[in-house]
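This report looks at a ligand site and the domains around it. The structure comes before the details.

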Amino acid sequence: MKIAVIGAGFAGIASAKVLTELGHDVTVFEKAPDIGGVWSRTRRYPGLTTQNNKDSYTLSDLRMPKVFPEWLSGEQVQNYLEMYVEKFELAPMIRLSTEVRSAQPAGGGGWDITSRATSVVGADGETTEHYDHLTVASGVFSEPFAPAYEGVEELTAAGGTILAASELHDLDTVKGKDVVVVGYGKSACDVAVEIAKEASSTTVVARQLLWKMPRKIKGVLNYKMLLLTRLGEGLFPYQTVRGPEKVLHAGGSKMASSMVGSVESVTTGQLKLKKLGLLPKGQFTDIARSTVSLATEGFFEGVEAGDIAVERDTEIVAFAVKEGKPYAELASGRALPADVVVTATGFKQELPFFSAEIQDQLTDDNGDYQLYRQILPLSVKDLTFAGYNSSFFSPLSAEMSAVWIGSYLAGAHQVPPAEEMAAHVDQRLAWMRERTDGHHARGTNIIPFSMHNIDEVLDDVGIDVGRLTKAAQWLLPINPKAYASVTPRLVAKLATRS
Ligand SMILES: Cc1cc2nc3c(=O)[nH]c(=O)nc-3n(C[C@H](O)[C@H](O)[C@H](O)COP(=O)(O)OP(=O)(O)OC[C@H]3O[C@@H](n4cnc5c(N)ncnc54)[C@H](O)[C@@H]3O)c2cc1C
Ligand SMILES: NC(=O)c1ccc[n+]([C@@H]2O[C@H](COP(=O)([O-])OP(=O)(O)OC[C@H]3O[C@@H](n4cnc5c(N)ncnc54)[C@H](OP(=O)(O)O)[C@@H]3O)[C@@H](O)[C@H]2O)c1
């Protein structure tokens, strides 16, 4: 098949590699001038590192270079992807600086993809080509979401700046300025630490505090031993609790709750949350509500040292200018000097290249993506999604989605009848909405249930990594290289069939 892939982040690159190995003719469209997506130099904020340790944040068939540190810089992750593209000779199929402007279902099946070089302004230079299949790998944390504030025009007219965290590429913008950072996710805390090195003042405005996990618990135990294992995942009750997880969740999840509870008290003490007035509401188990955020190195230390202030449980209601100086007015009644406002308020999961009709077909009444196995739309044909299963091991999750896509396109596995898939997806989204209080990135963020998703995807494909491997993963951090045989085994399986 002639397959178009939108996006050259981990998901698009993994899809290109897997689908090419299965004999397809793949073209990857990437609007940025470089590969990497989240890790592209066009999107990296100063100080960005991975949350994952290096061995868990890879595709299955290439390890991180030995010389790279345990937590990788954004540049190192991009370097890794460049090495991957080179090793598997993927460059000729990637069209950089080329944005997909529209994707329309073609009369006889497949898609008409209209793309354009990003350097061109207006409709000139658009090219339309036909593809048999489209895989969307456009990233669920790609387009920043910014709240619509009153007074932005006044702020900018007075010389103020407002930008998203992914648009902050150096610290010159904040040097000597009064800076307000909005949000309390990983991006917000990361940028606050970097900004505080150069700004005159740095204030984080958090409408709610979240639990954060130290990289090293008690300064010794790497968090990967707790969260990046099957046991760690099993501490949180999945949609259906099965196998050894039943023990953890017997009697109202007593065992699991006491294990998680012990981390809560250690974390509270280690990060000095009470002393700093930064104890979140709710329980530590909420940490896995949607996204598990690691404590940014230097954040709580910065608060303690007075370099970073946190305005908790409040929001910006408007910007105003007093005596020529921009201010952010808070719901709490306070006003903060705000020469620069950095919104670290999450991302939109929008697909502007589809018509409104298709977007409507892809989502439910809540706007959540109805994707079977996080991959297959219920009613739009010749279309799949890769990377719409953001997880603790996003590269591996995306790669296994690509394997599922390859197997499905070859007719090597069947999906349930349409009504059964629809019921399954609806139940899953209802469960996600309830357990995350709506924080699931429109049904695309499956944290903390990364391995459950990979198991389901591979069960469908009929390729198992083996009991021993899975047993070891209960106590040892997941290493994607355990899945390196999956694509070759699928290639062999399809060859035998043909
Ligand atoms: C700052 C940050 C740090 C993260 N760190 C981690 C981590 O440590 N561990 C972890 O597991 N996850 C992490 N994540 C989650 C992260 O989203 C995934 O790990 C992964 O990198 C996503 O890859 P992707 O290919 O799905 O999407 P992306 O990396 O977002 O790539 C999508 C690509 O599609 C392109 N694109 C979009 N629309 C179009 C179009 N119309 N035409 C052409 N191209 C288009 C974009 O330009 C982009 O390059 C992080 C997310 C963020 C935002
Ligand atoms: N590798 C890394 O180190 C790294 C770095 C950055 C991001 N990431 C990953 O990328 C994903 C996105 O993280 P993120 O931190 O960018 O975003 P995020 O986790 O979605 O956090 C967004 C923050 O903004 C707040 N917010 C949203 N809308 C708001 C509004 N209208 N007004 C005020 N506050 C608002 C949210 O508050 P509520 O909680 O109240 O909604 C939350 O505190 C996550 O999966 C994260 O793990 C990883």
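## The shell around ligand 2

By class, 9 nonpolar, 11 polar and 4 charged residues form the shell around ligand 2. Ala, Val, Leu, Ile, Met, Phe, Trp, Tyr, Cys and Pro count as nonpolar; Asp, Glu, Lys and Arg count as charged; the others, Gly among them, count as polar. The model is predicted: local features need pLDDT of at least 70, side-chain atom pairs need pLDDT 80 or more, and totals for chains, interfaces and linings use all residues. Residues are numbered from 1 along each chain as its sequence is written, chains are lettered from A and ligands numbered from 1 in the order written, and side-chain values use heavy atoms, without hydrogens and water.

Of the 24 residues around ligand 2, Tyr 184, Lys 186, Ser 187, Arg 207 and His 439 come nearest. Near means a heavy atom within 4 Å.

## Polar contacts

Lys 186 places a polar side-chain atom 2.9 Å from an oxygen atom of ligand 2. A side-chain N or O atom of Gln 51 is 3.0 Å from a ligand 2 oxygen atom. The cut-off for such a pair of N or O atoms is 3.5 Å.

## Between two domains

Domain 1 (2-142 + 349-497) and domain 2 (145-346) both give residues to the shell, so ligand 2 lies between them. The bounds come from an automatic or database domain assignment. Their centres, taken over C-alpha atoms, are 27 Å apart.

In domain 1, 41 residues are in contact with 37 residues of domain 2. Contact means heavy atoms within 4.5 Å.

Notes: Polar contact = N/O pair within 3.5 Å; in protein donor to acceptor, adjacent residues only side chain to side chain.
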